[in-house]
Amino acid sequence: MIRVNGTPLDNPTLGWIFRSGSVPYSGLEANIIDLRVAGRDGLVPVPATLGAPVWPLRVNTPPSGWEPLLALFSAQELVLTRTDRPTIEARARLRGSSPDRVFPRNEWIDATFLVEITEAYWRDKATTTTPITPLTSASVELSVFAGGSAPVSDAMIRIQGATTGVRVTDASGAWVTLPDCAAGQYVRFESKTGQCFRTTTDTWVGGTEISGLVDFGGPRGNFEITPVLAAGDPTNRVGKLTVASATRASSSVAVRGKAAYIL
(Lines give C-alpha, C1' and ligand atoms only; values in the text may rest on other atoms or scores of the structure.)
Protein backbone atom coordinates (compact mmCIF):
# COMPACT_ATOMS: atom_id res chain seq x y z
CA MET A 1 0.00 0.00 0.00
CA ILE A 2 1.24 3.47 -0.94
CA ARG A 3 0.90 6.59 1.18
CA VAL A 4 1.34 10.10 -0.17
CA ASN A 5 2.41 12.66 2.45
CA GLY A 6 1.14 10.27 5.09
CA THR A 7 -2.31 9.74 3.51
CA PRO A 8 -3.09 6.18 2.34
CA LEU A 9 -4.38 5.89 -1.22
CA ASP A 10 -6.55 2.97 -0.15
CA ASN A 11 -8.71 5.12 2.08
CA PRO A 12 -12.24 4.05 3.19
CA THR A 13 -12.74 7.36 5.02
CA LEU A 14 -12.44 9.32 1.77
CA GLY A 15 -13.88 6.57 -0.39
CA TRP A 16 -10.61 5.98 -2.27
CA ILE A 17 -9.65 2.58 -3.66
CA PHE A 18 -6.06 2.00 -4.78
CA ARG A 19 -6.49 0.35 -8.17
CA SER A 20 -4.66 -2.63 -9.61
CA GLY A 21 -3.64 -0.59 -12.65
CA SER A 22 -0.98 1.09 -10.53
CA VAL A 23 2.63 0.09 -11.09
CA PRO A 24 4.46 0.65 -7.81
CA TYR A 25 7.82 -0.51 -9.14
CA SER A 26 10.59 1.58 -10.66
CA GLY A 27 12.05 0.79 -14.05
CA LEU A 28 15.67 1.61 -14.86
CA GLU A 29 16.18 4.37 -17.41
CA ALA A 30 19.87 4.88 -18.07
CA ASN A 31 21.12 8.22 -19.37
CA ILE A 32 23.98 7.13 -21.63
CA ILE A 33 26.46 9.08 -23.71
CA ASP A 34 27.76 7.19 -26.74
CA LEU A 35 31.49 7.84 -27.05
CA ARG A 36 32.92 6.69 -30.37
CA VAL A 37 36.62 6.86 -31.23
CA ALA A 38 37.91 6.86 -34.78
CA GLY A 39 39.63 3.59 -35.63
CA ARG A 40 38.18 1.78 -32.64
CA ASP A 41 35.32 -0.68 -32.96
CA GLY A 42 32.31 -0.42 -30.71
CA LEU A 43 31.90 2.19 -28.00
CA VAL A 44 34.03 3.49 -25.16
CA PRO A 45 32.12 2.72 -21.93
CA VAL A 46 31.11 5.90 -20.15
CA PRO A 47 29.52 5.80 -16.68
CA ALA A 48 25.76 6.28 -16.94
CA THR A 49 23.31 7.97 -14.63
CA LEU A 50 19.76 6.84 -13.96
CA GLY A 51 16.79 9.00 -14.80
CA ALA A 52 14.02 9.80 -12.34
CA PRO A 53 11.48 6.96 -12.61
CA VAL A 54 7.81 7.80 -13.15
CA TRP A 55 5.09 5.84 -11.37
CA PRO A 56 1.49 5.62 -12.56
CA LEU A 57 -0.74 5.49 -9.49
CA ARG A 58 -4.43 4.77 -10.10
CA VAL A 59 -7.14 5.64 -7.61
CA ASN A 60 -10.89 5.14 -7.72
CA THR A 61 -12.86 7.80 -5.88
CA PRO A 62 -16.44 9.05 -5.50
CA PRO A 63 -17.01 12.66 -6.62
CA SER A 64 -16.81 13.78 -2.99
CA GLY A 65 -13.23 12.50 -2.81
CA TRP A 66 -12.07 14.02 -6.09
CA GLU A 67 -11.11 17.46 -4.79
CA PRO A 68 -9.22 16.07 -1.73
CA LEU A 69 -7.37 13.70 -4.08
CA LEU A 70 -6.28 16.56 -6.34
CA ALA A 71 -5.30 18.66 -3.35
CA LEU A 72 -3.14 15.83 -2.01
CA PHE A 73 -1.23 15.32 -5.24
CA SER A 74 -0.80 19.04 -5.95
CA ALA A 75 1.53 19.53 -2.99
CA GLN A 76 4.90 21.08 -3.90
CA GLU A 77 6.69 17.90 -2.78
CA LEU A 78 5.27 14.41 -2.42
CA VAL A 79 6.73 11.97 0.07
CA LEU A 80 5.89 8.38 -0.85
CA THR A 81 5.92 5.59 1.69
CA ARG A 82 4.88 1.95 1.46
CA THR A 83 3.60 -0.49 4.05
CA ASP A 84 5.79 -3.38 2.87
CA ARG A 85 8.96 -1.31 3.53
CA PRO A 86 8.03 1.05 6.37
CA THR A 87 11.59 2.27 7.00
CA ILE A 88 12.09 3.89 3.57
CA GLU A 89 10.58 6.77 1.61
CA ALA A 90 10.88 8.53 -1.74
CA ARG A 91 10.72 12.21 -2.60
CA ALA A 92 8.57 12.84 -5.66
CA ARG A 93 6.60 15.40 -7.65
CA LEU A 94 3.49 15.23 -9.80
CA ARG A 95 4.07 15.03 -13.55
CA GLY A 96 0.39 15.00 -14.48
CA SER A 97 -2.96 13.37 -13.88
CA SER A 98 -6.07 12.43 -15.81
CA PRO A 99 -9.56 11.11 -15.02
CA ASP A 100 -9.51 7.85 -17.00
CA ARG A 101 -13.13 6.87 -16.54
CA VAL A 102 -16.29 8.38 -15.12
CA PHE A 103 -18.80 5.69 -14.16
CA PRO A 104 -22.55 5.92 -14.99
CA ARG A 105 -24.51 8.47 -12.97
CA ASN A 106 -21.18 10.01 -11.93
CA GLU A 107 -20.92 7.56 -9.03
CA TRP A 108 -17.19 6.87 -9.32
CA ILE A 109 -14.09 8.25 -11.01
CA ASP A 110 -10.96 6.34 -12.02
CA ALA A 111 -7.90 8.60 -12.16
CA THR A 112 -4.20 8.10 -12.88
CA PHE A 113 -1.52 10.24 -11.24
CA LEU A 114 1.99 10.20 -12.69
CA VAL A 115 4.56 10.85 -9.98
CA GLU A 116 8.28 11.21 -10.57
CA ILE A 117 10.82 10.12 -7.97
CA THR A 118 13.08 13.15 -8.11
CA GLU A 119 16.12 11.61 -6.39
CA ALA A 120 15.80 8.46 -8.55
CA TYR A 121 16.02 6.22 -5.47
CA TRP A 122 14.14 5.35 -2.31
CA ARG A 123 16.01 6.32 0.86
CA ASP A 124 16.05 5.32 4.50
CA LYS A 125 13.83 7.57 6.58
CA ALA A 126 16.34 7.64 9.41
CA THR A 127 19.91 8.89 9.20
CA THR A 128 22.44 6.40 10.56
CA THR A 129 25.97 6.89 11.79
CA THR A 130 28.54 4.12 11.65
CA PRO A 131 30.38 3.12 14.80
CA ILE A 132 33.59 5.10 15.27
CA THR A 133 36.37 3.17 13.56
CA PRO A 134 39.93 3.77 14.87
CA LEU A 135 42.59 4.48 12.26
CA THR A 136 45.08 1.94 13.52
CA SER A 137 47.08 1.49 10.33
CA ALA A 138 47.91 3.20 7.05
CA SER A 139 44.84 1.62 5.42
CA VAL A 140 41.57 0.79 7.15
CA GLU A 141 38.49 -0.71 5.50
CA LEU A 142 34.99 0.36 6.43
CA SER A 143 31.63 -1.26 5.52
CA VAL A 144 28.61 1.06 5.31
CA PHE A 145 24.95 1.10 4.25
CA ALA A 146 24.45 -2.67 4.29
CA GLY A 147 21.45 -3.75 2.20
CA GLY A 148 21.45 -0.68 -0.02
CA SER A 149 21.06 -1.20 -3.76
CA ALA A 150 21.89 2.27 -5.16
CA PRO A 151 24.73 4.82 -4.88
CA VAL A 152 24.75 7.27 -1.98
CA SER A 153 26.08 10.66 -3.08
CA ASP A 154 25.19 12.71 -0.01
CA ALA A 155 26.96 10.91 2.83
CA MET A 156 29.17 12.73 5.34
CA ILE A 157 32.63 11.49 6.31
CA ARG A 158 34.24 12.73 9.49
CA ILE A 159 37.81 12.31 10.70
CA GLN A 160 38.68 12.85 14.35
CA GLY A 161 42.13 13.32 15.85
CA ALA A 162 45.62 13.93 14.49
CA THR A 163 45.88 12.67 10.91
CA THR A 164 47.64 13.71 7.72
CA GLY A 165 47.32 12.67 4.10
CA VAL A 166 43.82 11.20 4.41
CA ARG A 167 42.28 9.72 1.28
CA VAL A 168 38.95 7.88 1.31
CA THR A 169 38.30 5.59 -1.67
CA ASP A 170 35.05 3.82 -2.51
CA ALA A 171 35.00 0.39 -4.12
CA SER A 172 33.64 2.06 -7.28
CA GLY A 173 36.80 4.15 -7.60
CA ALA A 174 35.27 7.37 -6.27
CA TRP A 175 37.64 9.19 -3.91
CA VAL A 176 38.14 12.23 -1.71
CA THR A 177 41.29 13.66 -0.12
CA LEU A 178 40.76 15.47 3.17
CA PRO A 179 42.71 18.25 4.91
CA ASP A 180 45.01 17.36 7.78
CA CYS A 181 43.33 17.18 11.17
CA ALA A 182 44.92 18.11 14.49
CA ALA A 183 44.44 16.50 17.89
CA GLY A 184 41.15 17.65 19.43
CA GLN A 185 39.68 18.54 16.05
CA TYR A 186 37.20 17.04 13.60
CA VAL A 187 37.25 17.34 9.80
CA ARG A 188 33.91 16.67 8.08
CA PHE A 189 33.33 16.23 4.34
CA GLU A 190 29.78 16.57 2.98
CA SER A 191 29.61 14.79 -0.36
CA LYS A 192 26.24 16.32 -1.28
CA THR A 193 27.78 19.77 -1.68
CA GLY A 194 31.51 19.01 -1.80
CA GLN A 195 32.04 21.23 1.23
CA CYS A 196 34.36 20.51 4.14
CA PHE A 197 34.36 21.88 7.69
CA ARG A 198 36.63 21.82 10.73
CA THR A 199 35.18 21.78 14.25
CA THR A 200 36.54 21.39 17.76
CA THR A 201 33.38 19.70 19.09
CA ASP A 202 31.61 16.41 18.40
CA THR A 203 29.06 17.73 15.91
CA TRP A 204 27.87 16.97 12.38
CA VAL A 205 26.83 20.56 11.57
CA GLY A 206 28.55 23.92 11.34
CA GLY A 207 32.22 24.66 11.77
CA THR A 208 34.87 26.58 9.87
CA GLU A 209 34.67 25.93 6.15
CA ILE A 210 37.88 24.59 4.59
CA SER A 211 36.45 23.36 1.29
CA GLY A 212 39.39 24.79 -0.66
CA LEU A 213 41.62 22.12 0.87
CA VAL A 214 39.51 19.23 -0.46
CA ASP A 215 39.71 17.36 -3.73
CA PHE A 216 37.42 14.60 -4.95
CA GLY A 217 36.39 12.69 -8.06
CA GLY A 218 35.43 9.32 -9.43
CA PRO A 219 34.00 7.51 -12.43
CA ARG A 220 30.98 9.85 -12.43
CA GLY A 221 32.89 12.95 -11.36
CA ASN A 222 31.79 13.04 -7.73
CA PHE A 223 32.35 11.15 -4.51
CA GLU A 224 29.71 8.50 -3.90
CA ILE A 225 29.38 5.22 -2.05
CA THR A 226 28.24 2.40 -4.33
CA PRO A 227 27.01 -0.97 -2.99
CA VAL A 228 29.17 -3.98 -3.75
CA LEU A 229 27.32 -7.20 -4.56
CA ALA A 230 28.65 -10.46 -3.17
CA ALA A 231 29.70 -12.86 -5.93
CA GLY A 232 26.69 -14.89 -7.03
CA ASP A 233 24.39 -13.31 -4.44
CA PRO A 234 22.81 -9.96 -5.38
CA THR A 235 20.87 -9.97 -2.10
CA ASN A 236 24.14 -9.44 -0.20
CA ARG A 237 25.10 -5.79 -0.70
CA VAL A 238 27.26 -3.34 1.23
CA GLY A 239 29.27 -0.17 0.59
CA LYS A 240 33.02 -0.55 1.08
CA LEU A 241 35.42 2.30 1.83
CA THR A 242 39.19 2.29 2.22
CA VAL A 243 40.56 5.05 4.47
CA ALA A 244 44.26 5.64 3.87
CA SER A 245 46.40 8.07 5.91
CA ALA A 246 50.04 9.13 5.91
CA THR A 247 50.20 9.60 9.70
CA ARG A 248 47.71 9.06 12.47
CA ALA A 249 47.60 9.31 16.28
CA SER A 250 44.54 8.38 18.35
CA SER A 251 42.39 9.18 15.33
CA SER A 252 39.20 7.66 13.91
CA VAL A 253 36.63 7.87 11.11
CA ALA A 254 32.84 7.72 10.99
CA VAL A 255 30.27 7.97 8.19
CA ARG A 256 26.73 9.36 8.41
CA GLY A 257 23.92 9.17 5.87
CA LYS A 258 20.96 7.23 4.47
CA ALA A 259 21.12 4.11 2.35
CA ALA A 260 19.57 4.24 -1.13
CA TYR A 261 17.41 1.64 -2.86
CA ILE A 262 16.20 0.89 -6.39
CA LEU A 263 12.67 -0.47 -6.06
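Which residues line the largest cavity?

**View 1. Lining of the largest cavity.** The largest cavity is lined by Val 144, Phe 145, Gly 148, Ser 149, Ala 150, Val 152, Ile 225, Thr 226, Pro 227 and Gly 239. The model is predicted, with local features needing pLDDT of at least 70 and side-chain atom pairs counted only at pLDDT 80 or more, while totals for chains, interfaces and linings use all residues. Residues are numbered from 1 along each chain as its sequence is written, and side-chain values use heavy atoms, with hydrogens and water left out. The largest cavity holds about 40 Å³ of space, and the count of cavities of 30 Å³ or more is 2. Here a cavity is a set of points, on a 1 Å grid over the protein atoms alone, where a 1.4 Å probe fits but cannot get out; lining residues have an atom within 4 Å of a point. Grid points are joined across faces, edges and corners, and a volume is the space filled by probe spheres set on the points.

View 2. Ser 149, one of the residues lining the largest cavity, lies in the loop between strand E13 (139-144) and strand E14 (156-164). Strands (E, at least two residues) and helices (H or I, at least four) are DSSP runs, numbered from the N terminus. Ser 149 is partly exposed, at 24% relative accessibility; buried means under 20% relative accessible area, exposed over 50%, and partly exposed in between (1.4 Å probe, protein chains only).

**View 3. The largest pocket.** The largest pocket contains about 340 Å³ of space. It is lined by 15 residues, of which Arg 123, Thr 127, Asp 154, Lys 192 and Lys 258 are the closest to its centre. Strand E8 (88-102), strand E10 (122-124) and strand E23 (247-257) each give two or more residues to this lining. The largest share, 3 residues, comes from E8. A pocket is an open set of grid points with protein on both sides within 12 Å along at least five of seven lines.

**View 4. Salt bridges at Glu 116.** Glu 116 forms a salt bridge with Arg 93 (2.7 Å, N to O) and another with Arg 95, where the closest N and O atoms are 2.8 Å apart. Arg 95 is in strand E8 and Glu 116 in strand E9, so this pair ties together parts 21 residues apart in sequence. Glu 116 is buried, with a relative accessible area of 8%, whereas Arg 93 is partly exposed at 44%. A salt bridge is a side-chain nitrogen of Lys or Arg within 4 Å of a carboxyl oxygen of Asp or Glu. The whole structure has 14 salt bridges.

**View 5. The salt-bridge network around Arg 58.** A network of salt bridges links Arg 19, Arg 58, Asp 100 and Asp 110. Within it, the side chains of Arg 58 and Asp 110 meet at 3.5 Å, N to O. This pair links distant parts of the chain, with Arg 58 in strand E6 (residues 54-61) and Asp 110 in strand E9 (residues 109-117), 52 residues apart. Arg 58 is partly exposed, with a relative accessible area of 22%, and Asp 110 is buried, at 2%.

View 6. Cys 181 is in no disulfide, and the nearest cysteine sulfur, in Cys 196, is 9.3 Å away. That distance is too far for a bond. Cys 181 is buried at 6% relative accessibility, and Cys 196 is buried at 0%.

**View 7. A nonpolar surface patch.** Ile 33, Leu 35, Val 37 and Val 46 form a nonpolar patch on the surface, with about 320 Å² of accessible area together. Val 37 is in the loop between strand E4 (30-31) and strand E5 (49-50) and is partly exposed, at 40% relative accessibility. Patches are made of residues with over 30% relative accessible area and no salt bridge, with like charges joined within 9 Å and nonpolar side chains (Val, Leu, Ile, Met, Phe, Trp, Tyr) within 5 Å. Accessible areas come from the Shrake-Rupley method with a 1.4 Å probe; for residues, only the protein chains shown count as cover.

Definitions and conventions
Disulfide = S-S within 2.5 Å.
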